[in-house]
Each structure stands twice: as structure tokens, then as C-alpha cells.
Amino acid sequence: MNNKSTVVNGLVIIGLSSLLLLFGCTNNQMSVSSTKSDAFTTETELLSMLPQQTDILEKWLSNDSAKAKVNRDKEIYIDFYASQNMSTLTIKPDTPWKLSELPDHNLAFEVENISAFSTHFYLLLENNQGESQSRSISIPANYVGTLYFPLSGKEAETEAGFWGDLPPWKTQDQLMIWRSWRAEQVDVSTINNLTFLTIGLLEDTAIKVSDIRIRKNPPTDPNWMKNVLDKFGQNAQSKTQLHIDNSAQLLVRSHAELKELENASPDPLRSKFGGYNAGPQLKATGYFRTEKVNGKWWMVDPEGYVYFSHGPANVRMANLSTLTGVDFKNDNVRYRSPDELTPEDSMGIVNISDNVRESRYISSQLRKDLFEWLPEYSDKLAKHYSYRRSTLKGAVPHGETFNFYRANLERKYGDDFMESWYDVTLARMKNWGFTSFGNWVDPNFYGKKQVPYFANGWIIGDFQTLSGKVNHWGLMPDPYDPVFANRARATIEAIAKDINNSPWCAGIFIDNEKSWGEREGSVEARYGIILDALSKNASQSPAKAAFSKHLKAKYKNIDHLNQSWQTTIANWTALDKGVEFTQFSQAQIADLSKMLELLGEQYFIVVHNTLEEVLPNHLYMGARMANWGMPDEIIKASTTYSDVLSFNIYEDGMQDHYWKFLEDVDLPVVVGEFHIGTATDSGMFNPGIVHASDQKDRARKYKAYMQSLLTKPYMVGAHWFQYVDEPITGRALDGENANIGFVNVTDTPYPELIKAVKEVTGKMYQQRLAK
């Protein structure tokens with residue numbers, strides 16, 4: 001924290017005009033000394049963002065879902081509430097803050113956590129167009145210090161292919177990270193308002209904020225973005241308690257864990273499939289199913305024991321590689337077959353021929369400079385190179401990758417490293433008390449028949465698509481297109497071949513976090529894919545043809561539709577050719593809602609009916625809706641066609657009030673993804689979506705999350721995303737680089753988190769069965 005003396009502040013105030021006395025917005029570049037020896041020892045303040053008068057600051061605050069009070073020192077006390085899914089405090093000045101004329105700068109503020117536990121909060125900057133950038137951080141109990149993030153200059157604008165950026169300067173000030181993908185395309189040279197918020201709290205929390213300001217950036221660190229990773233894929237510039245210095249140390253730790261696993265005793269209360277054999281004995285069908293028992297939903301294992309599915313998702317080598325900054329001019333490496341069923345981020349190792357490697361060139365010097373070491377192509381570890389033919393986000397559109405985790409497995413286990421990894425992973429699963437793998441598990445686990453798994457498939461292909469206002473992972477398939485149904489069948493038949501009607505397959509997931517639209521917000525945000533369909537020609541868009549047919553059947557003639565929608569569409573032919581809207585009547589919004597429900601029904605009918613035909617013995621686990629993209633219309637459509645509903649819930653836990661609607665739905669529910677991470681003592685730059693303040697706090701928050709699930713009568717499972725930390729330099733697909741693994745890049749388990757897992761899994765059945 002930068003300690004500004006009142007004497008310095010007093011001198012500044014005396015020199016300001018009366019107008020600036022009122023609003024506190026100064027463009028004089030005052031230098032303030034700090035007691036710390038770091039990049040901000042001498043801080044140059046460019047703009048104070050808060051007014052000098054307390055009564056004016058109070059008028060700037062809007063706190064409908066949080067509570068704020070201001071003391072005479074202009075410190076803002078903010079109470080965030082667990083009774084709100086999003087608890088927000090907005091600071092909106094009378095005139096926007098204008099930063100365009102300032103030199104390269106960062107936003108900073110003082111914060112104190114006045115709660116007895118860590119607080120994870122967000123700061124959202126909104127411009128005049130309603131566009132926003134969002135950062136987040138978790139601060140420990142009693143934390144007092146300075147938080148910051150760059151807004152302009154090299155440090156803000158460099159796209160290195162990370163979600164969480166490498167801290168740009170050596171400083172004790174704490175860097176807030178991007179909420180997810182960088183939003184550098186959002187212009188924040190003018191800031192209309194600031195919003196502090198929390199999401200999905202399980203307990204009320206409070207912070208104190210003061211001295212929000214714009215500071216001049218220090219000089220760029222010449223070593224920034226250079227030699228970030230060592231030869232093990234660890235942070236080369238910061239050692240943690242799990243840091244490995246050499247291969248001998250890696251082997252010593254590995255042997256110690258293997259001995260512990262070898263001496264571990266199996267849980268006598270677990271059935272063959274991980275169910276609870278001390279619980280009620282239900283009907284055994286030879287496959288997993290669901291049943292409501294004494295008012296609570298359960299999965300039931302093939303032997304008839306109650307079963308709660310808990311374990312890690314994404315247990316595979318795919319998605320663990322990082323881009324090296326090298327590419328190849330030979331286009332053969334980027335060839336795609338039209339019959340492919342595996343999306344790019346699920347591809348395993350892609351072998352690169354010598355012929356292709358002859359066309360090698362440096363596509364990104366920035367990426368290449370991140371690594372202290374990469375193997376020569378003649379090196380034994382060169383087998384861990386691969387290739388990404390396309391990326392979703394990041395510094396390069398495609399390129400060579402390297403998998404440090406896989407290389408470390410070879411260092412630990414030798415030539416037969418993959419078989420050893422399968423065996424160790426299965427032993428860990430049982431020792432840690434997990435009952436299943438989640439989505440995206442290496443199919444080689446299927447035949448091991450030791451831990452139940454969920455098979456998955458993606459429906460990809462050359463079918464028509466629809467675009468929403470925001471397409472998080474890609475465009476929405478048009479489920480009315482016959483090609484979509486054909487590709488769904490091809491995907492599901494491939495799954496059936498892989499699982500071979502095995503009772504160890506607990507269920508099937510198809511697709512993930514589709515771009516249905518937002519649950520709340522503008523009409524465009526909620527119904528963007530329907531508006532896109534209506535803008536198309538019915539002769540070219542199957543969805544548009546279906547919606548035209550629906551509207552004609554409802555309204556009979558165009559005049560009735562125009563009267564209801566308050567539009568002037570000339571005739572049905574004009575509607576069929578494509579229409580766009582900027583204003584919406586309530587009746588039109590209701591129709592958009594119905595069409596979204598119809599589209600959802602069509603999607604689920606195609607998937608469900610194909611699964612029912614091809615895989616009749618296995619549960620359909622639903623569409624894995626993200627809590628940011630689960631419109632009520634899609635939830636409603638999914639309830640008819642899913643055996644189990646699935647939601648990816650990245651919050652502190654499942655708030656009783658927010659998810660209460662699931663009690664009325666009365667279907668079993670599984671959390672398809674959740675996680676908690678930290679960037680403080682992990683060596684990582686990105687905690688993940690839900691932050692903890694350190695590894696101990698990470699374990700605490702995991703336990704709290706699980707308790708919020710286990711108490712709900714409709715919950716039948718929860719899957720943590722993911723088994724292994726993401727690469728520090730970003731996974732190749734999109735730059736995700738979070739501390740979200742049970743194990744790190746050297747395949748070393750996080751002891752605090754594993755201890756918490758064992759405490760939860762050791763009593764979760766008893767807790768669920770308790771009255």
C-alpha cells in the first residue's frame with residue numbers, strides 16, 4: 001500500500017481550483033513517495049477518481065444489492081450480501097472520467113478486508129457505450145494493501161495468450177486479473193462508472209475501499225515476459241513449496257507418493273462402483289440410473305447402491321499443451337477432414353513430420369521468449385511436441401505446442417509413462433475418495449473398469465449456425481438443420497463404440513456451455529440467436545423456416561402480427577426474406593421467448609432421441625449449461641428430455657435462494673464444472689474463475705462449496721474442473737492458465753486440497769443419507 005502523508009495531500013488540495021476541490025479530478029502529475037522499494041516506490045498520480053467532499057461521493061454511490069457508507073476520510077465501507085446472487089456497488093460520477101489525454105497508466109486503489117475470511121470480489125469498468133472490462137481478486141482476511149491493473153500502455157495491450165497476465169512490475173501491490181478472456185477491444189479511455197461486486201457468496205463479506213486513482217505506469221521491465229517457464233514448466237521466477245529443482249527431487253517425491261498409495265486401504269463402505277454399500281439396497285439393473293429415496297434424488301449404481309458422483313473432469317492429456325511461438329509454412333499440418341468428430345481442443349498429440357518441420361519459422365518471438373528451455377527435435381522428450389490447427393483466442397491463430405506435464409510424466413515414470421499415469425491416477429481416485437471421473441476423461445480409462453466415468457461427445461460439422469450477441473465458445477448450431485441430426489448420430493454412434501455398453505459408464509454428456517443466450521439482460525442478450533434466425537432468409541435457414549411456420553400458425557395474417565409486435569412488416573414474404581428489429585413490444589418478447597423454447601426443444605429432441613436409440617441403457621446428463629448462459633426457456637426444454645440436469649456453476653457455492661427453482665423442477669442435478677484456485681502461492685498467474693487467497697483458503701472454499709451441494713435434495717453429483725493445473729503460459733486453445741488442478745504441472749498433488757477432499761468424501765454418503 002502506498003502511504004501518502006496528509007501533509008502531501010494537503011499541499012495538493014491547497015493548489016487546486018475550487019472546481020477540483022469539489023470533484024477531486026486532478027491532472028497534475030504529482031509524485032508520492034512510498035516506504036516500499038518497488039516499481040511504485042515513487043508513484044505519479046495522474047487522476048484522483050473520487051471527489052474531495054464526502055456528501056458528493058455519497059451521491060455517486062448506487063447500492064441496490066450491497067450496502068455502502070462513507071466516512072469523513074472518504075473511505076467506502078462495502079457490505080456484500082449472500083442473499084444476492086450478484087451483490088453490487090456502483091460509483092458513477094456526474095461526468096465520466098476521461099483518460100484519453102493521460103500518459104500510459106494503471107488504475108489503483110487501497111483496500112482492506114474487514115471480514116474474518118477471504119473475500120473474492122470483482123471490479124467492473126463500464127464505458128459510455130455500456131461495454132465493460134472486468135477484473136477480480138481474492139484478498140485474505142485482514143488484508144490491507146494496494147490493488148492495481150494496467151489500463152493502457154504495453155503492459156495493458158500485450159496479447160501474450162494468457163487469461164491471467166504475468167505481473168508487469170516488481171511490486172508489493174497486488175495485480176487484479178481479467179475475469180476471463182481479455183476485453184482489450186473495449187475502449188476504457190472514458191469510464192462512465194465503476195462497479196464493485198461479488199457473485200454467488202455463501203456468507204456475507206465486507207471490504208473498505210479508498211483512494212481510487214489513475215497512476216502513471218512505471219518504465220517497462222525489460223525482463224517482462226522472458227524466461228517465465230523452467231524446463232519442468234514451472235514458474236522460473238517464483239518458487240513455491242511444491243517447486244521441483246531437478247529430476248532426482250521429482251523421483252524422490254514420486255516414490256514417496258507411490259508408497260503411500262500402495263499402503264492405502266480401500267474404503268470397505270464403497271461398492272464395486274463407488275456406491276454406498278451401507279445404505280439402502282435398491283433395485284439393481286446392471287446400469288446406472290436415478291431414483292428419489294426418502295425425498296432426495298440419488299444416482300443408483302449397477303448393483304443397486306445409492307451413488308453420489310464426485311471427481312475431477314478433464315482427466316486427459318488434451319488441453320494441457322501450450323504454444324511455443326513456432327509455426328510451419330507447410331499447410332499439410334493444418335488439414336482438416338470433414339468427417340472429424342473431435343474438436344480441436346480435445347485432440348491428443350499430433351505428430352509433426354520432418355517434412356513439415358523443414359518449414360519451421362518463429363511466428364511469435366514473444367511466445368518463444370517465455371521458455372527457458374524447450375527440447376531439440378532430436379531430444380527424447382520431443383515426443384511431447386504437438387500442433388494446434390486453430391485457436392479460439394490468443395497471440396497466434398495456430399502453431400506448435402509442447403506439453404510439459406506429459407514430459408514430466410516421462411521423467412517420473414520412464415518409457416511406459418502413460419500406463420503408469422493411468423495406474424497412479426486410478427489409485428489416487430480411490431485413495432482420495434472420489435467416486436467417478438467427470439466429463440472429458442481419457443477413453444483409455446474406460447477399459448480399466450475401476451472407476452465409473454461419463455462419456456462425452458461434441459456435435460460438430462458443416463451445419464447451419466446461429467449467432468447470439470455473445471458467442472462464448474462458438475456459434476449455436478441450428479438444430480432444425482438435418483445435417484445437425486446426422487452429425488449428432490455420428491457422434492453418438494462413436495461414443496457407443498467406445499463404451500461398448502459398459503456398466504462403468506455412468507452417463508453421457510453431449511456438448512458443453514452452448515451459446516443459448518443470457519438468463520437476464522437486454523432483449524438482444526437473451527434472444528440473440530432467435531433475432532439472428534429471424535434476420536435470415538427462410539429458404540436458407542432451417543431455424544428461420546421453423547419460426548416463420550410457427551408465427552404464421554399463431555397469427556394467421558401479417559396484420560395481427562404487426563399489431564402485436566408494433567411493427568410494419570409488409571407481408572409474410574417479407575418476413576420470410578428476413579427482418580431486423582431495434583425496438584420490442586412485450587408481446588414480441590414473449591414470442592421470442594417461445595421461439596427460444598422451441599429451438600431448445602428441437603435440440604434436445606434430436607440428442608435425446610438419438611441417445612435413446614443408440615445407447616438406451618445410459619443416462620443422458622443434459623446440456624451442461626453455464627450459470628451465465630442458462631435461459632429459463634432452455635432449462636424448461638431440457639427438463640422433458642434429460643435424465644439428469646447439468647449446470648456448470650462457478651461461484652462460491654450453490655446459493656439456496658438462487659437455485660431454489662430446481663426444487664420445483666424435481667429432477668436430479670449434477671454440477672458439471674466447478675473449481676477454486678489461487679495465484680498467491682501456486683506459482684500461477686491466474687487463480688481460475690473462483691478465487692481463494694492461498695492454498696489453505698482454497699481447501700476451505702472447496703469444503704464450503706461441497707457442503708452447499710450435499711444439503712440439497714436434488715443434487716446427485718459434482719465434478720471439479722480439472723485434474724491438472726493449466727499451463728502457466730496458457731493452454732493452446734484460448735490461453736486459460738489457472739491453478740485449478742488437484743495436481744500441478746509436475747504431477748504433484750496439492751496437500752491442503754487433497755486433505756479437504758478426503759474429509760468431504762469420507763462422510764458425504766452419511767451426510768446425504770442423514771434425515
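## Overall size

Along the principal axes, the C-alpha atoms fill a box of roughly 80 × 80 × 65 Å.

## Basis of the model

This is a predicted model, in which local features need pLDDT of at least 70 and side-chain atom pairs count only at pLDDT 80 or more, while totals for chains, interfaces and linings use all residues. Residues are numbered from 1 along each chain as its sequence is written, and side-chain values use heavy atoms, with hydrogens and water left out.

## Burial and contacts

Of the 771 residues, 59% count as buried (under 20% relative accessible area, 1.4 Å probe, protein chains only). Among contacts (heavy atoms within 4.5 Å) between residues at least 6 apart in sequence, 72% join residues at least 24 apart.

The protein contains 20 helices and 33 strands. These are DSSP runs, numbered from the N terminus: helices are H or I with at least four residues, strands E with at least two.

Six strands form an open sheet in the order S3-S6-S15-S9-S10-S13, with antiparallel pairing (two strands pair if DSSP finds at least two bridges between them). Strand S3 (61-62) and strand S13 (177-178) stand at the edges, each with a single partner strand, so one side of each has no neighbour in the sheet. Strand S10 (residues 132-139) is joined to S13 by two bridges, and the two run antiparallel. Arg-135 stands opposite Trp-178 in S13.

Definitions and conventions. Buried < 20%, exposed > 50% of the residue type's maximum accessible area, 1.4 Å probe, protein only.
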